Amino acid sequence: MERYGVLILPSSNRVYAGASVELTRAELKIFGDSVLGGRIGAVETTTVGGVDYVTFGVDGGLDERDAAVLGNLSSAYALFEFVGDLLRPVPLTRLDRFDDDLITIQKYPGKTNEQFTKLLLNLTLLASDWSGELLTRRFRVLDPLCGRGTTLNQAMMYGFDAAGLDRDGKDFEAYQAFLTTWLKRKRIKHRVRESGPVRRERKVVGRRFRVEVAASKEEHKAGDVQTVDVVSADTTRVGEFFRPESVDLVVADAPYGVQHGSRTAEQGLVRDPLALLAAAVPGWVRVLRPGGALGISWNTNVARREAAAEHLAAAGLTVLDDGSWQALAHRVDQAIVRDILVARRPA
């Protein structure tokens, strides 16, 4: 069995940097089980030259496709193979199709850490029936609580189609302005397909911004475009804007009940995200394709894991709640302990 080590990407968030080693161990094990045929052996933490590496064995070693898969680990900075006492670099090929400032340039209070956003998207994808197509499939990702678009941008970076809803009109406007400006400054081929109010029966029911993006001139000429489709409306109305069984992945970072609460039509603003899940998850599941997966993160200080899992199961999802799937809780600050739940819609 060949032995490898992952050097963890530095994080500007000191607390997340402290948790990233353990999170990478769990993520790596899930990658191994989902897309590497279970060939990854024990995953450990090893100090080499005073630096912590996440180390692991691989039955038969890593080939080019394996390295391309592991290049998308959320906190991977570099990958090495152990050759005796030496480390030999293993080239990593990432899915990234755009400059990384698409992910990093936005700064605002309450923004989710970019590495965590990538982790949440990765785990949701790995739980789907199409995890083996990570490198080839154009997934369609829905963030039903998209805020200012961190998840949408990560989906774009991977070459996926991105869709989102958020009831906060200011966040919707901020994301539309950011993405429009970024695409123009980068001189990326794009076409705005829709921008403005959505009317039904002569009433405005929301606002929509839909744009097609091509990562290169060649892809633009071939009509090979990604779609970003964002709606300003309450998440419980997702079925009014997106067709049933039209998305592969639903990825949501629920409000933590500290800076931001959860809103439902019945209760208004509340700290408990369970009310939001009860009202919204059935709609999220209806737009999810059979075989697709839903991943949520939330603050366990305001809602127990078991209670959140019950809402997903009640909506007909199969919750993945054993092994490494239970090793994803981590501290964000003194008021927030964040966890991840992932569930699959049976095919």
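Leaving aside its neighbours within four places in sequence, with which residues is S20 in contact? The legends below begin with that residue.

This is a predicted model in which local features need pLDDT of at least 70, side-chain atom pairs count only at pLDDT 80 or more, and totals for chains, interfaces and linings use all residues. Residues are numbered from 1 along each chain as its sequence is written, and side-chain values use heavy atoms, with hydrogens and water left out.

**View 1**
S20 lies in helix α1; helices (H or I, at least four residues) and strands (E, at least two) are DSSP runs, numbered from the N terminus. Leaving aside neighbours within four places in sequence, S20 is in contact with I8 and S75, where contact means heavy atoms within 4.5 Å. With a relative accessible area of 3%, S20 is buried; buried means under 20% relative accessible area, exposed over 50%, and partly exposed in between (1.4 Å probe, protein chains only). At S20, helix α1 bends by about 45 degrees, the bend at a residue being the angle between axes fitted to the seven residues ending there and the seven starting there. The 22 residues of α1 reach 31 Å from first C-alpha to last, close to the 32 Å expected at 1.5 Å a residue; the expected span of a helix is 1.5 Å times one less than its number of residues. G37, whose phi is positive, near 65 degrees, follows α1.

Side chains of opposite charge can pair when their charged atoms come close. A salt bridge is defined as a side-chain nitrogen of Lys or Arg within 4 Å of a carboxyl oxygen of Asp or Glu. In the whole structure, a search finds 24 salt bridges. In the one between R39 and D66, the closest N and O atoms are 2.6 Å apart. R39 lies in the loop between α1 (14–35) and β2 (40–48) and D66 in helix α2 (residues 64–70), so the pair ties together parts that are 27 residues apart in sequence. R39 counts as partly exposed at 24% relative accessibility, whereas D66 counts as buried at 2%.

**View 1. The salt bridge between R167 and D234.**
The side chains of R167 and D234 form a salt bridge of 2.7 Å, N to O. This pair links distant parts of the chain, 67 residues apart: R167 is in the loop between β7 (161–165) and α6 (169–185), and D234 is in the loop between β10 (226–232) and β11 (247–253). The relative accessible area of R167 is 46%, which is partly exposed; that of D234 is 12%, which is buried.

The 17 residues of α6 should span 24 Å at 1.5 Å a residue, and its end C-alpha atoms are 24 Å apart, which agrees. D168 caps the N-terminal end of α6, with a side-chain oxygen 2.9 Å from the backbone nitrogen of K170. Just after α6, R187 has a positive phi of about 55 degrees. The buried residues of α6 include F172, F178, L179 and W182. Those buried residues pack against α3 (101–104), α5 (150–157), β8, β9 and β10.

**View 2. The nonpolar cores.**
A nonpolar core is a set of buried Ala, Val, Leu, Ile, Met, Phe, Trp, Tyr and Cys residues joined through side-chain atoms within 4.5 Å. The largest has 70 residues, and F56 and L179 have the most contacts inside it. Its largest share, 9 residues, comes from α1. Leaving aside neighbours within four places in sequence, L179 is in contact with L102, M156, F209, V211 and V228. Apart from this core lies another, of 35 residues, among them L145, A163, A252 and A307.

W130 is placed in the loop between α4 and β6 (140–143) and counts as buried at 14% relative accessibility. Although W130 and D248 are 118 residues apart in sequence, their C-alpha atoms are 8.8 Å apart in space. Leaving aside neighbours within four places in sequence, the contacts of W130 include R137, D248 and R289. E133, R137, D248 and R289 are linked in a network of salt bridges.

Key. Polar contact = N/O pair within 3.5 Å; in protein donor to acceptor, adjacent residues only side chain to side chain.
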